[in-house]
Amino acid sequence: MMTTKTPSPTTDTVGRVVPATGAAMTLRPRRLRRTEGIRALVRETVVRPEDLIYPLFVVPPSRPRVEIGSMPGVFQLRVAEVVDAARRAFDAGIRAVLLFGLPEFKDGIGSSSWDPSGPVQSAIEAIKRHVPEMTVIADVCLCEYTDHGHCGVIVDRNGVKDVDNDQTLPLLMKQAVSFAAAGADFVAPSDMMDGRVGAIRRALDDQSMSEVGVMAYSAKFASGFYGPFREAAESSPQFGDRRTYQMDPANGREAQREIGIDVAEGADIVMVKPALAYLDVIRQARDSFPLPIAAYNVSGEYSMVKAAAERGWIDGPRVMNEILTSIKRAGADLIITYHAMEFADAYR
Ligand SMILES: [Zn+2]
């Protein structure tokens with residue numbers, strides 16, 4: 001004669017107690033994905049045009065408007081064209097632009113970068129005159145203005161050329177003050193010299209420009225993803241590379257240290273650059289610091305999407321959305337991206 005065994009309670013793979021009857025309720029997360037309405041209702045991360053910062057490249061009036069070959073849809077623009085771009089961006093919901101300049105001439109110390117009538121200074125003034133509500137951020141660095149293409153002053157140390165940290169700082173201070181005097185809301189040092197955030201903060205305060213903020217490129221990695229930008233900004237180093245000042249891509253802890261130093265020196269916004277290969281660094285920064293975190297969705301990240309979409313290998317707009325969402329989900333409050341206009345146009 002068979003005896004009926006009384007089943008005893010067990011637990012299933014997700015730790016729920018399966019009652020003795022054996023009829024555990026199946027958990028059904030798919031209920032929350034059933035319709036677009038429900039998906040929208042429970043969506044955790046939404047990118048808005050206001051989250052984006054739109055980079056623009058300004059050339060002197062003597063040069064034509066040119067599309068960057070490796071960055072379809074991105075142009076070198078003259079001041080009037082930059083103003084048009086800023087107005088269209090503002091109308092589409094974008095609230096900040098980041099300006100890079102291509103000067104009339106270059107020299108060893110980048111002296112054209114503090115010319116009050118330089119392309120960036122002129123563009124800042126013109127945007128503030130014609131689109132006054134637009135937040136204007138000016139990139140502060142020497143590499144677009146030096147004939148050697150490095151981000152600082154070159155010195156010779158026993159036959160080896162090196163970028164001198166402390167000789168570079170006063171030049172960055174001059175450039176930052178010049179952009180602030182033109183009306184920039186934020187200056188954004190991207191050179192990765194030690195101590196530059198504090199030096200620029202002091203320089204601004206000394207000039208009674210305490211209202212001008214510093215958005216620091218705090219964790220900027222020596223990255224292969226910058227290739228197309230160097231065509232856009234004409235800032236390729238003429239010798240060597242930037243590995244003695246930009247960070248080693250392998251170092252996450254060091255990135256948090258760099259960010260912490262910039263916070264201590266008075267940065268208002270800190271940045272991780274590039275974004276996609278560094279989402280973990282963005283997340284760690286978000287968890288460690290209360291300041292707004294910006295992430296730079298850099299030229300190579302943009303160009304890869306454009307190139308693959310052009311070949312029909314991916315759905316470009318869909319991948320753009322997914323990438324920007326991933327950067328925000330990782331913890332970025334602000335995303336600097338060449339996709340800004342395309343995203344904002346599609347958002348409306
Ligand atoms: Zn630079």
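**Helix packing, buried residues and a zinc site**

Modeller: H3 passes H4 in a right-handed crossing. The model is predicted; local features need pLDDT of at least 70, side-chain atom pairs count only at pLDDT 80 or more, and totals for chains, interfaces and linings use all residues. Residues are numbered from 1 along each chain as its sequence is written, and side-chain values use heavy atoms, without hydrogens or water.

Colleague: Why is H3 called roughly parallel to H4?

Modeller: Their angle is about 25 degrees, with the axes 8 Å apart. Axes are lines fitted to C-alpha atoms, for helices over the stretch in contact, and angles run from 0 to 180 degrees between N-to-C directions. Under 35 degrees counts as roughly parallel, over 145 as roughly antiparallel, 65 to 115 as roughly perpendicular, and the rest as oblique. So H3 is roughly parallel to H4.

Colleague: Which residues of H3 and H4 meet?

Modeller: Val120, Gln121, Ile124 and Glu125 in H3 meet Ser178, Phe179 and Ala182 in H4. That contact (heavy atoms within 4.5 Å) holds four nonpolar, two polar and one charged residues. Ala, Val, Leu, Ile, Met, Phe, Trp, Tyr, Cys and Pro count as nonpolar; Asp, Glu, Lys and Arg as charged; the others, Gly among them, as polar.

Colleague: How do you know whether Ala216 is buried or exposed?

Modeller: Buried means under 20% relative accessible area, exposed over 50%, and partly exposed in between, with a 1.4 Å probe and protein chains only. Ala216 has 0%, so Ala216 is buried. Ala216 lies in strand S11. Leaving aside residues up to four places away in sequence, Ala216 touches Pro189, Val197, Asp262, Ala267, Ile269, Val270 and Met271. Asp262 is 46 residues away along the chain, yet the two C-alpha atoms are separated by 7.0 Å.

Colleague: What makes H5 mostly covered?

Modeller: Eight of the eleven residues of H5 (196-206) are buried. Among them are Val197, Ile200 and Leu204. The cover includes strand S7 (135-140), H4, strand S10 (186-189), S11 and helix H7 (252-264).

Colleague: And why does Arg243 count as exposed, but Glu234 as partly exposed?

Modeller: Arg243 has 63% relative accessibility, so Arg243 passes the mark for exposed. Glu234 has 32%, so Glu234 sits in the range for partly exposed. Arg243 lies in the loop between H6 (227-233) and H7, and Glu234 has its place in the loop between H6 and H7 too. Glu234 also has a positive phi of about 50 degrees, although it is not a glycine.

Colleague: Why is Asn158 called exposed?

Modeller: Its relative accessible area is 81%, so Asn158 is exposed. Asn158 is in the loop between strand S8 (153-157) and strand S9 (160-164). Its phi is near 50 degrees, positive in a residue other than glycine.

Colleague: How do you know which atoms coordinate the zinc ion?

Modeller: Donors are N, O and S atoms within 2.8 Å of the metal (3.2 Å for Na, K and Ca); water is not among the atoms, so sites may look incomplete. The SG atoms of Cys141, Cys143 and Cys151 lie at 2.2 to 2.3 Å, so they fall inside that cut-off. The donor residues are spaced C-x1-C-x7-C in sequence. Cys141 and Cys143 are both buried.

Colleague: What is the peptide bond from Lys273 to Pro274?

Modeller: That bond is cis, with omega near -5 degrees. Pro274 is found in the loop between strand S12 (269-273) and helix H8 (279-288).

Terms used. Helices (H or I, at least four residues) and strands (E, at least two) are DSSP runs, numbered from the N terminus. A crossing is left-handed if the near helix is turned anticlockwise from the far one by less than a right angle, and right-handed if clockwise.
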